[in-house]
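I opened a new model today and kept notes as I went.

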Amino acid sequence: MSVLRTPEERFECLPAYPFAPHYTDIDAGDGVGTRLRVHYLDERPVDPAQESGETILLLHGEPSWSFLYRHVIPPLVSAGHRCVAPDLVGFGKSDKPTDRFVYTYQSHVDWLSQTVFDRLDLHNITMVCQDWGGLLGLRLLAEHRDRFRRVIATNTSFPTGDEDLGGSFALWLQLSQRANPFDIGQVVDRGTVTDLDPAVLAAYNAPFPDESYLAGARQFPLLVPIAPFDDAAAANRQAWDMLGTLQIPFLCAFSDKDYGVGGGARVFREHVPGAAGQPHVTIANAGHFVQEDQGAALAVIVDEFIRSMR
């Protein structure tokens with residue numbers, strides 16, 4: 001397996017991202033022992049006496065990385081919570097296999113599972129999942145429900161190949177494969193209601209010095225199940241059935257101006273028993289990347305949900 005690692009100098013002087021890097025190695029799953037280095041943030045109160053005892057797992061999606069949560073983490077840490085934000089393989093400071101066919105839905109589930117459970121050994125997790133963070137995080141939830149305490153889903157979905165994902169997703173499929181260059185900062189900018197500063201756009205592009213680093217970002221859209229016989233459809237269908245029995249608290253906090261998965265909130269609220277009676281919220285003046293538009297507001301929602309459930 002050919003693997004690239006983004007040079008550290010690409011991540012110098014990132015705006016509002018003062019967090020110390022943490023790394024762990026996982027098995028690439030190629031059968032010959034290749035290891036992948038995964039980056040994650042692990043922020044908590046400096047004074048142990050201020051710790052709430054709560055661990056929040058913050059999962060990003062396509063095509064972002066943990067930089068997306070830079071405005072969410074500080075207020076949650078100030079509230080006493082531990083925040084863990086991994087970079088998915090192929091993104092951020094994590095390693096990037098160059099062969100697109102290495103990236104499968106199952107491999108992403110396995111890589112994230114190794115990181116969260118086998119390496120970090122997280123328990124009693126409050127999961128915040130957005131975009132592909134939901135597609136992967138909800139698989140982890142379905143397969144390891146004993147590890148989770150509650151869920152906040154924002155601007156995500158859980159396709160099983162049995163539904164029509166609509167015209168917006170069809171356009172995204174075309175763009176992600178044909179755009180040249182594939183400008184990650186521009187993708188994020190189009191998914192916000194605010195105009196992002198050039199330094200922020202550069203930070204989203206930082207993990208990808210050239211096209212050879214973009215295999216994971218290019219491949220992600222093709223992994224979404226869009227037909228009943230797609231590779232991940234059966235596993236997702238099984239996970240969806242389990243989510244239909246899930247009793248742990250499940251909160252939907254979707255944006256009012258999300259261009260792609262705005263209907264996801266309704267689907268989760270109708271399907272997941274743990275979503276019944278929860279204080280679901282629509283975050284105003286926010287696009288798909290709600291963490292950019294309303295990061296502080298999202299942090300308040302997460303903290304209040306945790307405190308209301310304790």
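These are my entries, in the order I made them.

**Ground rules.** I am working with a predicted model, where local features need pLDDT of at least 70, side-chain atom pairs count only at pLDDT 80 or more, and totals for chains, interfaces and linings use all residues. Residues are numbered from 1 along each chain as its sequence is written, and side-chain values use heavy atoms, leaving out hydrogens and water.

**The sheet.** I took helices (H or I, at least four residues) and strands (E, at least two) as DSSP runs, numbered from the N terminus. Two strands pair if DSSP finds at least two bridges between them. I found an open sheet of eight strands with mixed pairing, in the order E2-E3-E5-E4-E7-E8-E9-E10. From one strand to the next, the twist averages 25°. I then looked at E7 (residues 125-130) and E8 (residues 148-154), which pair in the parallel sense over six bridges. Met127 has Val151 in E8 as its bridge partner.

**Helices on the sheet.** Contact means heavy atoms within 4.5 Å. Angles run from 0 to 180 degrees between N-to-C directions, with axes fitted to C-alpha atoms, for helices over the stretch in contact. H2 packs on the sheet and makes about 115° with the direction of E2. H10 (residues 290-309) lies across several strands, including E4 and E9, and runs at about 150° to E8.

**A covered helix.** I counted a residue as buried under 20% relative accessible area, with a 1.4 Å probe and protein chains only. In H7 (residues 215-223), eight of nine residues are buried. Among them are Arg218 and Phe220. The cover includes H2, H3 (132-143) and H4 (166-178).

**Pockets.** On a 1 Å grid over the protein atoms alone, a pocket is an open set of points with protein on both sides within 12 Å along at least five of seven lines, and lining residues have an atom within 4 Å of a point. A volume is the space filled by probe spheres set on the points, which are joined across faces, edges and corners. The largest pocket holds about 860 Å³. It has 33 lining residues, and Ser157, Leu165, Phe169, Gly260 and Val261 are the closest to its centre. H4 gives the largest share of that lining, five residues. The second largest pocket holds about 300 Å³. Which helix gives the most to its lining? H7 does, with four residues.

How values were computed. Buried means under 20% relative accessible area, exposed over 50%, partly exposed in between (1.4 Å probe, protein chains only). On a 1 Å grid over the protein atoms alone, a cavity is a set of points where a 1.4 Å probe fits but cannot get out, and a pocket is an open set with protein on both sides within 12 Å along at least five of seven lines; lining residues have an atom within 4 Å of a point.
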